[in-house]
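Here is a walk through one protein chain, from its overall layout to a few single residues. Keep the sequence and the 3D view side by side as you read.

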Amino acid sequence: MKNIFKNTTLVLGLLFLAVSLSLTSCNRSDDEADDLPQEELSDVLLKVTDVATGTPVVYDYQVNSTTNPNVKLINGHTYNVEVIFKNGDEDATQEIKDAKDEHFLVYNFPNSDITLTRTDDASSTRGDGGRVGLKTKWVVNTAVKNTSVPSQLVLTLFHEPVTVSEASAVSGNGVIYGTHTGGETDAQANYNIIN
């Protein structure tokens, strides 16, 4: 009788362990639709082109870095900005375009007065009409509003948001461009904004 009880306990324990492992191993990165799991991104580049000069400058945020790139912006200038995602030396931006209905970028500019317009073409416009935000135009009204606190861009790429909107909202001393419901973060990059 003791052997039957021990065997039943062992079988139930193994069954519980198997179920637990199957539940924990089923996560977002196993989803074939997620072509760009966060762990595969190494860099988020901002290619910032001053419209007045036509000269591009690339700012490289390295994922998990302890320092943020300094993006130099001039008050009163307009910039065309392109976001490029890298996995080592490989450009992963096309993967976002290929799965454009599953991605959306939110731009948060704490302590800056920047007017942002999404300028994506059809290759990065979602089926619901929302533009992913890989290409934008920035009109810099005031790059650094308060010199006693940092000005930044917090750029977040969301995966599978339920709804998206290109609308902007005032947040503290800055503006957030883009809102969403649901989804998960594929990547977040932080840049310092300087004059």
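In which strand does Ala 189 lie? Ala 189 belongs to strand 12, which covers residues 184–194. Before going further, note what kind of model this is. It is a predicted model, in which local features need pLDDT of at least 70, side-chain atom pairs count only at pLDDT 80 or more, and totals for chains, interfaces and linings use all residues. Residues are numbered from 1 along each chain as its sequence is written, and side-chain values use heavy atoms, with hydrogens and water left out.

Now the layout. The chain has two helices and 12 strands. Both kinds of element are DSSP runs, numbered from the N terminus: helices are H or I with at least four residues, strands are E with at least two. Read from the N terminus, the order is α-β-β-β-β-β-α-β-β-β-β-β-β-β.

Next, the totals. The chain has 195 residues, and 35% of them are buried. Buried means under 20% relative accessible area, exposed means over 50%, and partly exposed lies in between, with a 1.4 Å probe and protein chains only. The accessible surface is about 10,500 Å², and carbon and sulfur atoms supply 54% of it. This area comes from the Shrake-Rupley method with a 1.4 Å probe. Of the contacts (heavy atoms within 4.5 Å) with a separation of 6 or more, 70% join residues 24 or more positions apart.

Return to Ala 189. Why does Ala 189 count as buried? Its relative accessibility is 1%. Leaving out residues up to four places away in sequence, Ala 189 touches Val 44, Tyr 61, Leu 153, Val 154 and Leu 155. Ala 189 and Pro 69 are 120 residues apart in sequence, yet their C-alpha atoms are 9.8 Å apart.

Two asparagines come next. Asn 64 is not a glycine, but it has a positive phi of about 70 degrees. Asn 64 sits in the loop between strand 2 (56–62) and strand 3 (70–72). Asn 64 is exposed because its relative accessible area is 71%.

Asn 111 also has a positive phi of about 70 degrees without being a glycine. Its loop runs between strand 6 (103–109) and strand 7 (113–118). Is Asn 111 buried or exposed? Asn 111 has 3% relative accessibility, so it counts as buried. A polar atom of the Asn 111 side chain lies 3.0 Å from the backbone oxygen of Val 149. Beyond four places in sequence, the residues that Asn 111 touches include Ala 143, Lys 145, Pro 150, Asn 173 and Gly 174.

Notes:
A polar contact is a pair of N or O atoms within 3.5 Å; within protein, one must be able to donate a hydrogen and the other to accept it, and residues adjacent in sequence count only if both atoms are side-chain atoms.
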